[in-house]
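Biologist: Could you walk me through this model? I would like to go from single residues to the whole chain.

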Amino acid sequence: MAVLTVIIGVVLGLCMLSTALLKWNEIKYRKKGLPPGTMGWPLFGETTDFLKQGPTFMKNQRARYGSVFKSHILGCPTVVSMDPELNRCILMSESKGILPGYPQSMLEILGKSNIAAVHGPAHKTMRGALLSLVSPTIIKQQILPTIDQFMRSHLSYWANQIIDIQEKTKEMALLSSLKQVFGNESCSLSKELMPEFFKLVLGTLSLPIDLPNTNYHCGLQARKNIVRMLKGLIEERRNSKETHEDMLSSLMNGGENRYQLSDEEIIDQIITILYSGYETVSTTSMMAVKYLHDHPRVLEELRKEHMGIRERKMAEDPLDWDDYKSMKFTRAVIFETSRLATIVNGVLRKTMKDMELNGECFVIPKGWRIYVYTRELNYDPCLYPDPHTFNPWRWLDRSLETQNYFFIFGGGTRQCPGKELGIAEISTFLHYFVTKYRWEEVGGDKLMKFPRVEAPNGLHIRVSDL
Ligand code: HEM
């Protein structure tokens with residue numbers, strides 16, 4: 001009896017303590033003008049629910065509080081916006097004081113001049129310098145031939161084996177970027193740089209605990225090693241008379257380039273290019289392979305497009321700009337893959353001062369995060385009828401790509417500058433993949449869709465010659 005009384009007492013005590021803690025956290029963040037919502041536990045907020053339940057957590061909160069609600073996730077008081085019009089408005093409001101809000105660990109590892117860490121004139125310079133590297137003319141004359149040569153050789157010997165397409169597309173995305181940035185020197189550099197780059201990526205996705213052996217610590221070390229390698233390469237190029245036709249040479253060519261960057265800025269720009277195009281391009285390529293496998297009619301249509309291109313050429317002819325521009329169905333497959341797999345759930349912003357949102361409906365305090373959560377829009381039946389079906393044909397109407405709520409590549413002042421580069425890479429990969437090979441899944445591999453799209457144990461396929 002006494003034991004039972006103690007147990008009941010402890011349970012009641014815990015209940016009261018929990019209620020008090022939850023209440024205390026609500027009161028701590030109670031401020032006039034904030035949207036409705038809950039703040040969860042002190043310190044941890046609602047992070048566990050968010051990570052465990054993912055999109056369901058977001059949908060439940062929206063059902064209870066509407067499209068704009070407050071929460072406390074990933075260590076910060078946050079306003080989540082699932083309102084398309086408001087999202088557009090937030091992405092256009094950088095000059096009013098809504099800046100990128102990526103975690104400090106990410107910014108420390110990517111460098112203080114990295115594009116997400118700078119704003120105002122510094123952002124204009126870094127963005128301008130990047131856009132000048134990936135203009136349509138440069139893609140046509142320089143980048144597309146490089147991608148073609150790389151993909152052709154990278155995809156040469158995949159037949160008659162089981163491959164992990166997740167691993168292959170990751171390797172492909174990184175090696176292809178290295179080739180564009182460092183040209184012929186990428187081969188000698190890649191062996192030393194690749195393992196460091198993988199550590200850097202892991203570090204940006206980890207808690208900022210700088211202790212030996214933590215992913216964060218290893219990420220910081222990897223950054224140091226990459227910076228050392230790049231400094232050495234820049235120095236070597238300066239002391240040599242050799243000329244190069246690659247992104248590094250354009251960035252170093254201060255005299256001709258109207259964006260004159262310091263060596264530190266050049267290095268952070270290069271790390272940004274490698275980082276931004278890595279997971280986006282590799283995961284979209286992997287998921288395209290997955291969806292094509294599951295939808296034979298789509299694969300047939302895509303193959304028809306690429307076989308048509310090959311029939312107009314000699315076997316050894318590279319893809320050119322006109323070929324790329326003619327890949328209408330391929331572009332549609334890439335958009336439909338990005339939409340349905342939701343490679344990007346949304347983007348993060350933070351407020352630099354108290355900000356009014358949605359007219360004067362809400363006031364978001366200084367220092368809060370705003371999660372511009374665009375995932376659900378990808379499944380909006382008004383924009384995409386029968387939204388859970390993989391139907392690339394819907395994108396053949398080009399107006400879908402230019403509609404106001406197309407956020408697959410972000411929006412506003414930070415819209416992805418690498419969009420066409422990424423599409424050109426994935427298109428070229430698909431070209432060589434579907435014209436050379438057929439494949440079937442080995443089966444049994446799991447796919448996770450949240451918080452990142454990934455196959456935890458790889459996605460294995462058996463590849464044969466077509
Ligand atoms: C399928 C491929 C890609 C997707 C889905 C994608 C998606 C996005 C999204 C959603 C943003 C907006 C981030 C924000 O607003 O905070 C963004 C920004 C950015 N992307 Fe991409 N991206 C892709 C490929 C690339 C590639 C290949 C590059 C390489 C140059 C790149 C470089 C960048 C950079 C530098 C930014 C930041 C722009 C700024 O802050 O002004 N992306 N991307």
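Biologist: In which helix does E305 lie?

Modeller: First, some ground rules: residues are numbered from 1 along each chain as its sequence is written. This is a predicted model, where local features need pLDDT of at least 70, side-chain atom pairs count only at pLDDT 80 or more, and totals for chains, interfaces and linings use all residues. Helices (H or I, at least four residues) and strands (E, at least two) are DSSP runs numbered from the N terminus. The helix that spans residues 296-311 and holds E305 is α14.

Biologist: Why does E305 count as partly exposed?

Modeller: A residue is buried if 20 or more other C-beta atoms, placed from the backbone, lie within 10 Å of its own, exposed if 12 or fewer, and partly exposed in between. E305 counts as partly exposed because its C-beta neighbours inside 10 Å number 18.

Biologist: Which residues does E305 touch, leaving out those up to four places away in sequence?

Modeller: Contact means that two C-beta atoms, placed from the backbone, lie within 7 Å. T330 is 25 residues from E305 along the chain, yet their C-alpha atoms are separated by 7.9 Å. With residues up to four places away set aside, E305 touches M327, F329 and T330.

Biologist: Which residues are closest to the ligand?

Modeller: The shell takes in residues whose C-beta atom, placed from the backbone, lies within 6 Å of the molecule. There are 25 residues around the ligand, and α6 (121-133), α12 (263-276), α13 (278-294) and α18 (419-436) each supply at least two of the shell. The closest are G277, G410, C416, G418 and G422.

Biologist: How many residues of that shell are charged?

Modeller: Here Ala, Val, Leu, Ile, Met, Phe, Trp, Tyr, Cys and Pro count as nonpolar, Asp, Glu, Lys and Arg as charged, and the others, Gly among them, as polar. The shell has 14 nonpolar and nine polar residues, and the charged ones number two.

Biologist: Which residues does H460 contact, leaving aside neighbours within four places in sequence?

Modeller: H460 lies in strand β10 (residues 460-465). It is partly exposed, with 17 other C-beta atoms within 10 Å. Apart from neighbours within four places, H460 is in contact with I162, D164, V442 and D445.

Biologist: What is the radius of gyration of the chain?

Modeller: The chain has 18 helices and ten strands. The radius is taken over C-alpha atoms, and the globule rule is 2.2 Å times the number of residues to the power 0.38. For 466 residues that rule gives 23 Å, and the chain is close to it, so it is as compact as a globular protein of that length, with a radius of gyration of 24 Å.
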